[in-house]
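Student: Can we go through this model together? I would like to start with the contacts between its parts.

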Amino acid sequence: MKNKDKPPELQPFFDKNIAGDVVPSIGISMPRIDAYAKVTGRERYAADYYGFDMIWAGVKRAGIPHARLKSVNTQAAENLPGVIAVLTHKNISGSNRQGVIRKDQPVLVDDKVRHCGDAVALVLAEDKETLAKAIKLTSADFEPLPGVFTTETALEENAPLVHEDHPGGNVLLKASLEIGSVQSAKEHCDVLVEACFETPLVEHAYLETEAGWAQLKEDGKLEIVASTQTPFRDRMEVADALGLEPERIRMIAPYAGGAFGGKDGVTVQSLLGLAALHANGRPVKMWWSREESFIAGTKRHAARMYYRLGAKADGSLHSLDTRLYFDTGPYDHLGGVVITLALEHSGGPYRIPNVSFKGWAVYTNNPIGGAFRGFGVAQVTAAMEQMMDMLAEKLAMDPLKLRLKNAVRKGDKNCVGVTLTHSTGLVECLEAVARHPLWTERAAWKSKAGPFKRRGAGIVALMHASGYGPVVPDVANAKVELTAEGKIKVYCGVVDMGQGNAATNLQIAGSILCQNVDRIELILPDTDRTLPSGSASASRCTYTFGNALIGACETLKLRILQRAADLLMVDDCDETALIPGAVRHLPTGREIPLHRLATFMNESERTATQRFRAPTAKEIPPVGNEIRLHGFPHTLFSYGAHLVRVEVNELTGVVDVKRYLSVSDCGKIINPHVYEQQIQGAIAQGIGYALSEEVQVNEGKVLTADLATFIIPAASDVPEIESQPVEIYEPSGPYGLKGVGEIATNGPLPAIANAVADACGVRIFRSPLTPSRVLRALRERLSEGGVH
Amino acid sequence: MRDVSLPRSLEELWGLLDRESAAALYAGGTDLLVKLRAGLEDPPALICLERVGELKGVQDELDEVWIGAATTLSTLMEDPIIQRRFQVLRKGLEVLGSPPVRHMGTIGGNIVTASPAGDTLPALYVLGAQLEIRSKDGSRVVAIRDFIVGPGQVLLNRGEILAGIRLRKVQSYAIHHYEKVGRRKSQACAIASMAALLTVSDSGVVEAARLAWGSVGPTVVICREAEAAIEGKPLSMESLKLAIPLVEKAVSPIDDIRADAAYRRTVAGLLLLRLSEYSAGTCSAQ
C-alpha cells in the first residue's frame, strides 16, 4: 500500500530518560544513548522508512546455481498495473560489477548466473503486493551449466569454472607461509597429532535483514540510505557499478539492526541506486525478506582444515602444518581477506618455530562466503584449540598448562613471525581461568552428573587481530563541532551496527569537553556530513575512530579555552576550564556560556578534525605482496581464554551448556556495560555456531532459509556467562583500549568441543555438534568399548 | 485481500460456514498464518474460532474433563485440573513453542494441524483422548488415534469442526512422563519425543504402561508390543532395554532438515531408558 502521509517526525534518538544530566567519564558504565529509542521502537533503521510517495523495489533471483543467461522476459511484469519498471543489466551503464578486492559480482546478471541468489532483474512497483506478483511474472531463459558445490570438486582438474576469466581458475586466492621447516621438524617431535576439521556455512541472522531506500534528488544527487557497515566504500562501489561519479552519490548509514559482517559491503545499495535512477525522483525502498536474506546474503565460510601439530615431550610446540580450504561461493566478498586472516591465526596465540600454512579461498556455486564476525579466525581457532587438547591428551598433560607453556608473551615472535610489541595479556587470561573455581573444582562437578548425563569442561586460548593490516589504509577521520547554539556535534564516520560505538563516541567527547550527554549530538555516518573513516569491522571501530576523536576533541577544547581566555582578557588558558554549558575562569569564577562564546567564533574555528591511522607491523614475513595486500600481517591483537562446562545427554546426544567463563585482554575499558554486551553477545553467537547453526545446502540450493530450520540459540540455550576483563593498558589505544568486537565469538565452538570430548571421551571433528552427531559418536565409542 | 470472520458463537459460525464453505478455520493462527505467508495455502476466506465461547475453557464433568478446542495452550498449562490430573499433557505444553506461541495457539489447533511433532499429541494418545466433532447438524466422538490419519491429515468433513477434547478422569497412572528432543530448548520442533504413563506397584513392578512417540512416524506412534514387554516386569534398565528393539521396529522416521531417520529411530528407543529414573526416584513424577 502506498503511504501518502508523511509520518510524524520522531523525537531525537537521545532521551533524557536514559542519560540525564551526566557528564560522561571514561571507564564507567553508562546506559547506551541509543538504548531508549531502540527498546521503545522509536529508532528508525533503514528498514523503517515509509516516506511520501514511496515505491518498492525487489529482485528476481536466479533460483539456479550455474547457468548462462539467454534472456530475461520482462514483458508480462511490465504489463501489470502498478509496475513502474522492470530493469535488467541492459539498464546499467557502469561496470555492473561490485566487490572490494576483485570486482566480480554483477549488480544484475549479464553473462552468467553463479549462484541461486544472483539478481536477474530489478522490479519497481507501487506497492509490495504488486511487486511480489511482478517478480513472479518475470522470468529468464537459462542454459544450465554443471556446477561446483564442494571445494574438493572445484579444485579438480577440468572442474567447471565459476569465472572463466579468472587466471587462478576456481582458486580466488591461495595464501601460504613457511617458517623453519616442518619436514625436518617432524623428526624432532616426540609427539604428533593430526586431524581434519569441518565447520559449517553460517548465516548472520541479524534482526534487520538487508534494507534501504534511495532517491534521485532534483539536483541530480543520488541519495542512498542503507543498513551497511561501509558507507564510504559503498559509495565508490556503487559509482563504479552504475557508471556514476562518486560525488553524485550520498550514502547515509543509520544505526544498523545487526550486521556481523553481512553488511560489510554492498547488499541493496547498487540495486537501490539503479532503482532510484528509474523512479522519476520518487523514493524507492528495498527490504529483503528473511528467506531472501538467507539465499542472497553472504555467509560465514564453510571450511575444511587439515592440521598436523608436533611437540616435544615437555609440551613445547615444535611444528605445525595446516591446509585450509574455505568455500568462498561465487564472488569475492572479501574471501581472499578472510583466508588471509585465517592463515595468520591458524597457529593460535602460540610460539611455534616451524610452520607451514596454506590456505585456499575457493570459488563454488554455493551461497556467497564472506565477512562474518571472527572473519576466518572462528574457523581456524576451532581447529587449533581442539588440536591443543588432543596434544595435551597424548602428552598426558593438563590442557591449560600446555597452553600456558606455549602462550605468546610481549616481545615474543608469534608463529607467523611477527614480534609482539603491543600489550599481550594471554598469560594473564589463562592464569585467571586456572584460578577460577569453575576450573579448579571441575572434577567434583563432573562426578556429580546425574543418570544418563556426562559432564565435561573445556578451555581455549584466543587471539584476534585488529584492523586492516599493512597495505589498505586503516584510517578514521573524526570531526567535532561547537555549534552556534553552544552544543557539541560529534560527526561519527564509523557505523554503529549495534555494537555501541556511537555511545562510546559520545562518552569520549563528553568526557574531554566536560559536557552533559544532552548537550551532545551524534551525526551518524553520512558521506556528505561525516568524514571518511573506514568500515565498521575488524575489531577496529573504537580503536581507530576513538583515537581520531580524542585528537579532534582535544583540539576543539584548546580552541574553546583559548578563545574564552581572549574574551576574558586572561593570559593563560590554563586558568580556564570547560564546565557543562560554559567556560569558567577558575581564579575569578567568571563564566562564558558556550552559546555566547560560539557567536564569537566562525564556523571553521568551531570545528576540529583529526585523522588517525592504525599502526602496522614493520616486519616483512616471508609472504608475497598479494598476501600483504589482503591484510597480512597484523601488529595489534586482543587475547582471551574461555572455559565452558557442558552436560551431554547420553540418551539423546543433546549438549547442554551449563556455565561459561570468558577472560579477555582487550585493553582498558571505556564503558564496561558496552564491553560486557560485546562479550556476551559474541559468546551466545558462538554457542549457536558450536551446537546448532548450519546453513544446509544441496546443489547450491539453501534448504534452511528460515529461522525455524536454521537454529540460532534462544534465551534458555545461553547459560550464565561470567566475563572478566584483564585490563592491561595498550599505549596505542584510546585510553588504553583494544578491539573487543570479535574475539569472544571464536571461543565457544572449540571450548564446547573440548568439553564434549572431556565428557564423552570422543571428539567430533565436524561441527555443529548436533544431537545426531554427538549420539552417533557416543554410541560408536560404547560399541568399541564393548570390543575391547 | 480475503475476509476474516470472528464469530462469537457456534450459531454464528454455522451461518458463516454455510456462506463460505471453503473458508479456512483457525484459532490462534500459529500454524495457518505461517503457511499463508509462505504461500502454501490460499483459502478464499478465514474464519477464526478463538472468540467462540462454547469452544473455550476446561470443564470438570464427573468422569471426564472436557477441554474446549479453542482453549489456548497457556490457559491449559495453568489450569488446576490439568495440573492435578494430566501432568503428561502439562509437560507437553511446557515445551511447546514459546510463551507467545502458547498464548496464541490452541489445543484444537495442535490436534487439527496433526504434525507428527505436535507436542500435545503423544500425551493425548496415551491419555486416550476422545475428540468431539461438531457440525450444524450434530456431533460425533472419535478417538484421537482414529482422527489423525497422516501428517496434516485428519478425518474432518467440510462443515465440521473439532469442538472439544474429552479425557477420562479415572487414570490410575502415577507416573506421567514427557520428553522432547529438539534442536534448542524452546521454539523448537520436536525431532523425537515420548510420552509415557506408568502404574508401578509397591514392589516396583510395572502394572500398566501407555507409551507414545512423536516425530518418528507420519503420526504419533504407539507400540503395544513395547508396552506389553515392560508390563509385569520391574521398572528397571534391564526390562526397558528389552523393549528397545520393539520400539525401533515400530517407528518409521524420515530424514529431514532437523535430523536423520537413524538418529530418530535410535533416540525413540533410548528415551524408554529415562523411565528407569522414576524407579530410582531421581525423576520427579510431578
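Student: How many salt bridges are counted between domain 1 of chain B and domain 2 of chain B?
Tutor: This is a predicted model, so each count rests on a distance rule. A salt bridge needs a side-chain nitrogen of Lys or Arg within 4 Å of a carboxyl oxygen of Asp or Glu. Between domain 1 of chain B and domain 2 of chain B, the count is 1 salt bridge.

Student: Which element gives the largest share of the side of domain 1 of chain B that touches domain 2 of chain B?
Tutor: The elements that give two or more residues to that side are α5 (87-94), α8 (121-126) and β8 (148-150) of chain B. The largest share is 5 residues, and it comes from α8(B).

Student: How does that side of domain 1 of chain B divide by class, and what is its nonpolar count?
Tutor: The side of domain 1 of chain B that touches domain 2 of chain B has 5 polar and 4 charged residues. Its nonpolar residues number 15.

Student: What area do domain 1 of chain B and domain 2 of chain B bury between them?
Tutor: The assignment gives domain 1 (3-168) and domain 2 (175-280) in chain B. Their C-alpha centres lie 25 Å apart, and 24 residues of domain 1 are in contact with 24 residues of domain 2. Carbon and sulfur atoms carry 68% of the buried area. The total is about 1,800 Å².

Student: Which three residues supply 31% of the area that domain 1 of chain B buries against domain 2 of chain B?
Tutor: The three supply more of that area than any other three residues of that side. They are Pro116(B), Pro122(B) and Val126(B).

Student: Now chain A. How far apart are the centres of domain 1 of chain A and domain 3 of chain A?
Tutor: Chain A is assigned domain 1 (48-145 + 210-287), domain 2 (299-469 + 619-787) and domain 3 (475-613). Taken over C-alpha atoms, the centres of domain 1 and domain 3 of chain A are separated by 38 Å.

Student: Which residues of domain 1 of chain A lose the most area to domain 3 of chain A?
Tutor: The area buried between these two domains is about 1,400 Å², with 56% from carbon and sulfur atoms. Three residues together give 45% of what the domain 1 side buries. They are Gln229(A), Phe232(A) and Tyr255(A).

Student: Which element gives the most to the side of domain 1 of chain A that touches domain 3 of chain A?
Tutor: Between the two domains, 7 residue pairs are in polar contact. Two elements give two or more residues to the domain 1 side: α7 (231-242) and β13 (249-252) of chain A. The one that gives the most, with 4 residues, is β13(A).

Student: Why does the salt bridge of Lys112(A) and Glu164(A) tie together parts that are apart in sequence, and by how many residues?
Tutor: The closest N and O atoms of Lys112(A) and Glu164(A) are 3.0 Å apart. Lys112(A) lies in strand β6 (residues 112-113), while Glu164(A) lies in the loop between α5 (151-154) and β9 (171-179) of chain A. So the pair ties together parts whose separation in sequence is 52 residues.

Student: Between the chains, what area is buried?
Tutor: The contact joins 30 residues of chain A and 23 residues of chain B. Carbon and sulfur atoms give 55% of the buried area. The area buried between chain A and chain B is about 2,200 Å².

Student: Which residue of chain B meets Arg776(A) in a salt bridge?
Tutor: Across the interface of chain A and chain B, the rule finds 3 salt bridges. In one of them, Arg776(A) is 3.2 Å, N to O, from its partner. That partner is Asp260(B).

Student: Which residues of chain A stay under 50 in pLDDT?
Tutor: The mean pLDDT of chain A is 95, and 97% of its residues reach 70 or more. The stretch under 50 has 37 contacts beyond four places in sequence in the model. It covers residues 1-18 of chain A.

Conventions:
Residues are numbered from 1 along each chain as its sequence is written. Chains are lettered from A and ligands numbered from 1 in the order in which they are written. This is a predicted model: local features need pLDDT of at least 70, side-chain atom pairs count only at pLDDT 80 or more; totals for chains, interfaces and linings use all residues. Side-chain values use heavy atoms; hydrogens and water are left out. Contact means heavy atoms within 4.5 Å. Buried area is the accessible area (1.4 Å probe) that two parts lose on being put together, summed over both. Domain bounds come from an automatic or database domain assignment. A polar contact is a pair of N or O atoms within 3.5 Å; within protein, one must be able to donate a hydrogen and the other to accept it, and residues adjacent in sequence count only if both atoms are side-chain atoms. pLDDT is the predictor's confidence in each residue, from 0 to 100. Ala, Val, Leu, Ile, Met, Phe, Trp, Tyr, Cys and Pro count as nonpolar, Asp, Glu, Lys and Arg as charged, and the others, Gly among them, as polar.
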